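Me: I'd like to go through this structure by question and answer. Please keep it brisk.

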Amino acid sequence: MTFPDTLASCHVLIGQLSAITERQQRQIEDLTAKVTDLETRLKGNGGNSHRPPSSDGLSRKPGIPKAGKDRGGQKGHGGKTLMQTDAPDRTVRLTTPLCPCGVLLDPESGEAVKTCQVFDLPQPKLEVTEYQVIRQVCVCGRVHLGELPAGVAAPAQYGAGVQALTVLLNNSCQMSYQKVGVLFSDLFGFELNEGTAVSNNAAMYGRLENAENQVKKALAEAPLVHFDETGVRVSDKLRWLHTACSERFTHLFVSEKRGKNAHQPNVSVLPRFKGWAVHDSYATYFTYPGCRHALCGAHLLRECQGQVEAGKAWARPMKDFLLDLYYRSEKGTKTVSSVEEEKQKWLQMCQNAIQTEELTLPKADSATGGAKKKRGKKPRGKTLSLLDRLLARRDAVLAFAEYEIVPFTNNQAERDVRPVKTKQKVAGCFRTVDGANRYARIQGFISTCRKHHINVFKELKAALNPANLYVAPFRC
């Protein structure tokens with residue numbers, strides 16, 4: 001072999017080794033990125049990711065730093081201290097019958113100088129009402145029979161009060177059907193079958209259809225509504241509990257889908273909603289252009305914190321920027337006067353961060369050996385996807401500082417879906433789809449009653465009245 005041939009062979013070998021080295025470098029970069037991503041997921045908690053704060057256990061910290069207030073009730077807080085009533089059920093006069101001097105004192109002549117009231121619960125009992133159908137014969141020979149009240153048909157049955165109590169215990173108090181029966185036996189001495197509690201839920205579900213339509217109509221016409229969804233186990237399958245809620249109304253429904261297919265016009269409020277929609281960054285919500293969108297600031301702070309812990313230099317200023325606007329807007333209750341300038345600052349921060357992160361992207365592999373490239377958009381990674389979203393949705397991110405009606409967080413929706421998590425931990429999953437649907441409608445009604453400061457038990461009992469179509473006393 002001549003020297004030129006040897007030299008040419010060396011060049012070929014060097015080229016091959018360079019290609020191998022370049023591919024190995026790419027592989028190292030890819031594996032490093034995957035390890036970093038897995039470590040980030042492992043370190044994820046309620047303060048730096050979308051994981052719920054409840055998953056952190058006793059170590060959880062607030063997503064928004066507290067303002068350094070003392071613990072306990074704050075100044076101006078009304079409280080719920082037990083107060084004396086003007087109409088006690090029973091009065092016991094505590095007197096001294098005999099004076100040491102030997103004079104017998106009249107117990108009715110004294111004056112009450114101190115009163116102490118004890119609020120207690122006597123042993124509860126069921127009130128049994130017997131309806132007797134009387135047969136009467138007129139002098140003309142006609143026979144007349146009395147008529148039973150509407151809803152009374154069986155020789156022995158539970159009334160609306162018992163039905164309302166079992167519904168309240170199972171849905172609002174998150175008790176299983178079995179535990180409802182045990183408590184009922186302890187209180188009243190009667191065994192209540194699980195099937196009876198199930199039937200009570202089914203009856204209540206049908207009676208509350210009109211009330212649910214009232215709530216949906218009020219939310220569709222509201223100026224601002226919070227939206228969210230969470231996973232629930234139904235018949236050993238993953239389903240989704242969706243909510244649309246405000247300070248006065250709560251609507252819940254269960255669907256097999258999480259995305260747009262779940263929001264059918266006959267079920268969801270979102271398709272016909274025209275006001276402000278406050279939610280997280282789930283892409284489905286942005287497919288409804290008929291409403292205005294605002295993003296939850298608490299979610300964004302957690303995502304920025306996650307990038308801070310990952311060592312991203314740009315993340316801390318962005319988090320501090322959002323917190324500064326939060327406090328300047330009086331925790332999202334007022335507008336910021338220089339909001340246009342703040343939008344430009346946010347735009348510049350996002351663009352600078354994107355440029356910084358794009359420099360860290362691995363370069364295209366030039367030594368592909370003629371391999372066919374994958375079709376579609378090249379993935380940009382979790383960090384760049386976050387920055388792209390913060391840039392593209394900047395109006396939704398900063399809406400709380402520009403519009404007084406828009407809050408900083410989506411906590412209202414998260415509070416309204418949280419009870420289902422407690423129910424699943426206490427009572428287990430829903431055995432049937434019908435059971436999940438009943439829970440959603442009943443729990444939405446109970447939540448709305450409480451927001452209106454209406455006695456829940458009385459309304460549940462009124463809803464079971466078969467004599468008329470129930471109309472809930474909700475005010476818009």
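Reply: This is a predicted model, where local features need pLDDT of at least 70, side-chain atom pairs count only at pLDDT 80 or more, and totals for chains, interfaces and linings use all residues. Residues are numbered from 1 along each chain as its sequence is written, and side-chain values use heavy atoms, with hydrogens and water left out.

Me: Where is leucine 82 found?
Reply: Helices (H or I, at least four residues) and strands (E, at least two) are DSSP runs, numbered from the N terminus. Leucine 82 lies in the loop between helix H1 (3-42) and strand S1 (135-137).

Me: Is leucine 82 buried or exposed?
Reply: Buried means under 20% relative accessible area, exposed over 50%, partly exposed in between (1.4 Å probe, protein chains only). Leucine 82 has 61% relative accessibility, so it counts as exposed.

Me: Which residues of H9 are buried?
Reply: H9 is helix H9 (381-392). Its buried residues are Thr383, Leu384, Leu386, Leu387, Leu390 and Leu391.

Me: Within what arc do the buried residues of H9 fall, seen down its axis?
Reply: The arc is that of the directions from the helix axis to the C-beta atoms. The buried residues of H9 line one face of the helix, because they fall within an arc of 155°.

Me: Which exposed residues does the face of H9 turned away from its buried side carry?
Reply: This face is turned away from the buried side of H9. Its exposed residues are Lys382 and Ala392.
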